[in-house]
Amino acid sequence: PNQIFAVDPDGSVAWTSTFGAPVSSLALAKDGRLWLVGTLEGAPANVACQTTGNPKCLGTLTALSPEGTLADQVDVLVPPLPPLPAVTLYGAMAFASDGSFFLESTTFGPQSGVARAGLDGTLIWQWPPPNYNEYLQFDPPLIVGPADDVVASGNGQLTRFDAAGTQVWQQGSGVQVAAVDAQGDVVALDWGGPTGNDVSLVTIAPYGDTLRTVSLGTTPINASQLALAGDGTTVVLLANEVSSPGLTKAHVQILAVDTSGKTRWTTPMAVT
């Protein structure tokens, strides 16, 4: 369950790496190394990551070479998030344009946060600030925009930060997933509305104004995914899993919506 497989174009397995615990946030750097949140089996880890005392840290960021061997390892020491002295664990990672790391946390308390660390693990900034009183729980992935701005989602809300860690805006009442296009606009899936099952595709400008809302109809869903194509087309997956004894059946729709808000195509599926 804690392995990474590299598969060649012909389908053969090129290499396998085994980890001592689950890993996440696989990302390819410009030099071809594969970075992730986790520790390779047998590789040393910072002792501070294994304790509940100060200093606190997320664990380890590990880089694998194109051949699957350990290439680098970075421990990022971070203080606990306010207002509770809980252990802060950063479980999601994404790259900034200069190769530094954006991090998103889960905690043993009610608060999530976002941080930016340098190539050597030095903490550049961390959010929320000490006087922040609102509790948030973010869910991966952490999304990086073209200006090294960061969008985090959770609790049905989107929160946007600039490259320096300043909160630019926060909005949304039922946001499930989001992405950032080449212009820096946030495209998000909003689910809820008057019926509780109204699904809309919302486009939000970098400064926070809503540019467009496209209704995708009323349909019960309990899972969703969203992706952006190079021409701006948004591909949305809406799934409703219905369970019964001995059987799980998923009703799935995949839609492609162009930049004008017109649905190009819809493909329904039923998966048992």
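Me: In what order do the 4 strands that include β13 form an open sheet?
Reply: In this predicted model, 4 strands, β13 among them, form an open sheet with antiparallel pairing. The edges are taken by β13 (139-144) and β16 (167-171), each of which pairs on one side only, and the twist from one strand to the next averages 15 degrees. Read across the sheet, the order is β13-β14-β15-β16.

Me: Which residue in β14 stands opposite Val-144?
Reply: Strand β14 covers residues 150-154 and is joined to β13 by 3 bridges in the antiparallel sense. Within β14, the residue that stands opposite Val-144 is Val-150.

Me: Which residue forms a salt bridge with Asp-148, and how far apart are the closest N and O atoms?
Reply: Asp-148 lies in the loop between β13 and β14, while its partner lies in strand β11, so the pair ties together parts that are 32 residues apart in sequence. Asp-148 counts as buried at 11% relative accessibility, because buried means under 20%. The partner is Arg-116, with the closest N and O atoms 3.8 Å apart.

Me: Is Asp-98, which meets Arg-116 in a salt bridge, buried or exposed?
Reply: The side chains of Arg-116 and Asp-98 meet at 3.5 Å, N to O; Arg-116 lies in strand β11 (residues 114-117) and Asp-98 in the loop between β9 (88-95) and β10 (101-107), so parts 18 residues apart in sequence are tied together. Arg-116 itself is buried, with a relative accessible area of 8%. Asp-98 has a relative accessibility of 51%, and because the cut-off for that class is over 50%, Asp-98 counts as exposed.

Me: What is the N to O distance in the salt bridge of Asp-149 and Arg-160?
Reply: Asp-149 lies in the loop between β13 and β14 and Arg-160 in strand β15 (residues 157-161), so this pair ties together parts that are 11 residues apart in sequence. Both Asp-149 and Arg-160 are buried. Their side chains meet at an N to O distance of 2.1 Å.

Me: What is the bridge partner of Ser-24 in β4?
Reply: A further open sheet of 4 strands has the order β3-β4-β6-β7 with antiparallel pairing, and its edge strands are β3 (24-28) and β7 (70-74). There, 3 bridges join β3 to β4 (residues 34-37). In β4, the bridge partner of Ser-24 is Val-37.

Me: Which residues do ring pairs link into a cluster?
Reply: Across the whole structure, a search finds 5 aromatic pairs. The cluster linked by ring pairs consists of Trp-35, Phe-95 and Phe-101.

Key. Residues are numbered from 1 along each chain as its sequence is written. This is a predicted model: local features need pLDDT of at least 70, side-chain atom pairs count only at pLDDT 80 or more; totals for chains, interfaces and linings use all residues. Side-chain values use heavy atoms; hydrogens and water are left out. Two strands pair if DSSP finds at least two bridges between them. Helices (H or I, at least four residues) and strands (E, at least two) are DSSP runs, numbered from the N terminus. Rings of Phe, Tyr and Trp (its six-membered ring) pair if their centres lie within 6.5 Å; planes under 30 degrees apart count as stacked, over 60 as edge-to-face and the rest as tilted. Axes are lines fitted to C-alpha atoms, for helices over the stretch in contact, and angles run from 0 to 180 degrees between N-to-C directions. A salt bridge is a side-chain nitrogen of Lys or Arg within 4 Å of a carboxyl oxygen of Asp or Glu. Buried means under 20% relative accessible area, exposed over 50%, partly exposed in between (1.4 Å probe, protein chains only).
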